[in-house]
Amino acid sequence: MFGSPSFTAADIPDQTGRVIFVTGGNTGLGKESITQLAKKNAKLYMASRTESKALAAIEDIKKLVPSADIHYVPLDLTSFASIRACASTFIALEPRLHVLLNNAGVMAMPYSETTEGYEIQFGTNHVGHFLLTSLLLPALEAAADAPDAPAGSVRIVNLSSFGHNFAYRGIKLDDLQNHLKNANTGERYGVSKLANILHARELARRYPKITSVSLHPGIIMSDLYNAAVGSNPIMKMWFNTMSLVCTSVPDGTLNQLFCATGPVKPEDSGHYYVPVGIKDDDAWYTSRPSKLASDDALASRLWEWSEEQVRKHAPISS
Ligand SMILES: NC(=O)c1ccc[n+]([C@@H]2O[C@H](COP(=O)([O-])OP(=O)(O)OC[C@H]3O[C@@H](n4cnc5c(N)ncnc54)[C@H](OP(=O)(O)O)[C@@H]3O)[C@@H](O)[C@H]2O)c1
């Protein structure tokens, strides 16, 4: 049953000695996650697109947590070159990674494409994170293989959404470009968020030493809604009203903090969590993942399709 949050930021265990990598940590849920993890002594990598926002966010966090150990790494998930550069920078600095928090995301975007030609929401939210995760897996495996690593302590956490239910036609991998070109922005977002769940499921199957999960954080009126609200005064009024009734950013961050550091058991790898810390098969109500999100054959095909995209756009070696 869905009770009151049983996990709060105070419950995050001490993270001394642990390295945590957060995509899109310069605002919203990512920034708040980094703030709370800094309080618990994690060494943090903020992988962000907009440098000015990242540096300002780090300054803000350091005002609250003067001992915060945060390192900015540039990352634009719409460009394979940027993702590869980001991963190389990290790998050169850290042999081990304990938590990868795939948090960055875009929503309600008009149709456009990433550098490699993927629809912007699917390209950013899934394809970019798939490549980044693949490049960081050796560091995650090294952390999991360390003799002193407690079982299940190395984690990959994908921010999905209840919005994965908008992917009512699934993911048409045989003709994805046409599928997404002919879908509205809500369905396109849904497909990207469905892919986030399937990615975590397949990671769990392929990398049993790493605990990989996905989650819905709640409805939080963050910058994520900027594209939907735009300059429309009615949408602005709606946004302001919703801000009063929706989950706050600190509360909206609890599910990902739970998944990254809380008592998730190794056998729970692959699960989808709904607010807060409640996994799919315990959730009897509407936030249960869709049938498509529980389709292991689709998860496996998505993985193979994504690997093929990475191969197709491999850097040309000299
Ligand atoms: N808020 C909600 O109600 C809600 C509900 C369900 C799921 N979620 C999921 O939760 C996650 C965090 O959302 P949020 O509410 O914190 O949103 P947010 O405040 O808009 O933050 C999104 C973050 O993603 C980054 N980002 C966007 N495009 C990027 C790119 N190409 N490369 C690198 N970083 C990029 C942004 O950085 P820049 O500012 O530099 O672009 C920003 O740091 C998302 O994955 C979202 O889908 C949120």
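Reader: Where does L93 lie in this model?
Author: L93 lies in helix 3, residues 80–93. Keep in mind that this is a predicted model.

Reader: Why is L93 called partly exposed?
Author: L93 has 13 other C-beta atoms within 10 Å. Buried needs 20 or more, and exposed needs 12 or fewer. The count of 13 falls in between, so L93 is partly exposed.

Reader: How far apart are L93 and V229 in space?
Author: Their C-alpha atoms are 40 Å apart. Along the sequence, L93 and V229 are 136 residues apart.

Reader: How do you know that L302 is buried?
Author: L302 has 21 C-beta neighbours inside 10 Å. The cut-off is 20 or more, so L302 counts as buried.

Reader: Which residues does L302 touch?
Author: Leaving out residues up to four places away in sequence, L302 touches I171, L173, A195, L198 and H199. L302 itself lies in helix 11. E202 is 100 residues from L302 along the chain, yet their C-alpha atoms are separated by 8.9 Å.

Reader: What makes helix 6 roughly perpendicular to helix 11?
Author: Helix 6 (residues 185–206) and helix 11 (residues 296–312) pack at about 90°, and their axes are 9 Å apart. Angles of 65 to 115 degrees count as roughly perpendicular. The pair falls in that range, so helix 6 is roughly perpendicular to helix 11.

Reader: Which residues meet where helix 6 packs on helix 11?
Author: Helix 6 brings A195, L198, H199, R201 and E202. Helix 11 brings D296, L298, A299, S300, L302 and W303.

Reader: Which strands does helix 6 lie across?
Author: Helix 6 lies across strand 5 (155–159), strand 6 (211–215) and strand 7 (272–274). Helix 6 runs at about 165° to strand 6.

Reader: What is the order of the strands in the sheet?
Author: The 8 strands form an open sheet in the order 3-2-1-4-5-6-7-8, with mixed pairing.

Reader: Why are strand 3 and strand 8 called edge strands?
Author: Strand 3 (69–74) and strand 8 (278–279) each pair on one side only. For strand 3, the parallel partner is strand 2 (residues 43–48), over 6 bridges. Two bridges are enough to call strands paired, so strand 2 and strand 3 pass.

Reader: How do you know that the span of helix 4 agrees with its length?
Author: Helix 4 has 26 residues, 120–145. At 1.5 Å a residue the span should be 38 Å, and the end C-alpha atoms are 36 Å apart, which agrees. There is a kink of about 45° at L136, shortly before the proline P138.

Reader: Why is helix 4 called largely enclosed?
Author: Of its 26 residues, 19 are buried, so the rest of the structure largely encloses helix 4.

Reader: What makes N41 and A108 stand out?
Author: Most residues other than glycine have a negative phi. N41 is not a glycine, yet its phi is positive, about 75°. A108 is not a glycine either, and its phi is about 60°. N41 lies in the loop between helix 1 (28–39) and strand 2. A108 sits in the loop between strand 4 and helix 4.

Reader: Why does A108 count as partly exposed?
Author: A108 has 18 C-beta neighbours inside 10 Å.

Reader: What is the omega of the bond joining P275 and V276?
Author: Omega is about -20°, and the peptide bond is cis. Most peptide bonds are trans. V276 is placed in the loop between strand 7 and strand 8.

Note on methods:
Residues are numbered from 1 along each chain as its sequence is written. This is a predicted model: local features need pLDDT of at least 70, side-chain atom pairs count only at pLDDT 80 or more; totals for chains, interfaces and linings use all residues. Helices (H or I, at least four residues) and strands (E, at least two) are DSSP runs, numbered from the N terminus. The expected span of a helix is 1.5 Å times one less than its number of residues. The bend at a residue is the angle between axes fitted to the seven residues ending there and the seven starting there. Two residues are in contact if their C-beta atoms, placed from the backbone, lie within 7 Å. Axes are lines fitted to C-alpha atoms, for helices over the stretch in contact, and angles run from 0 to 180 degrees between N-to-C directions. Angles under 35 degrees count as roughly parallel, over 145 as roughly antiparallel, 65 to 115 as roughly perpendicular and the rest as oblique.
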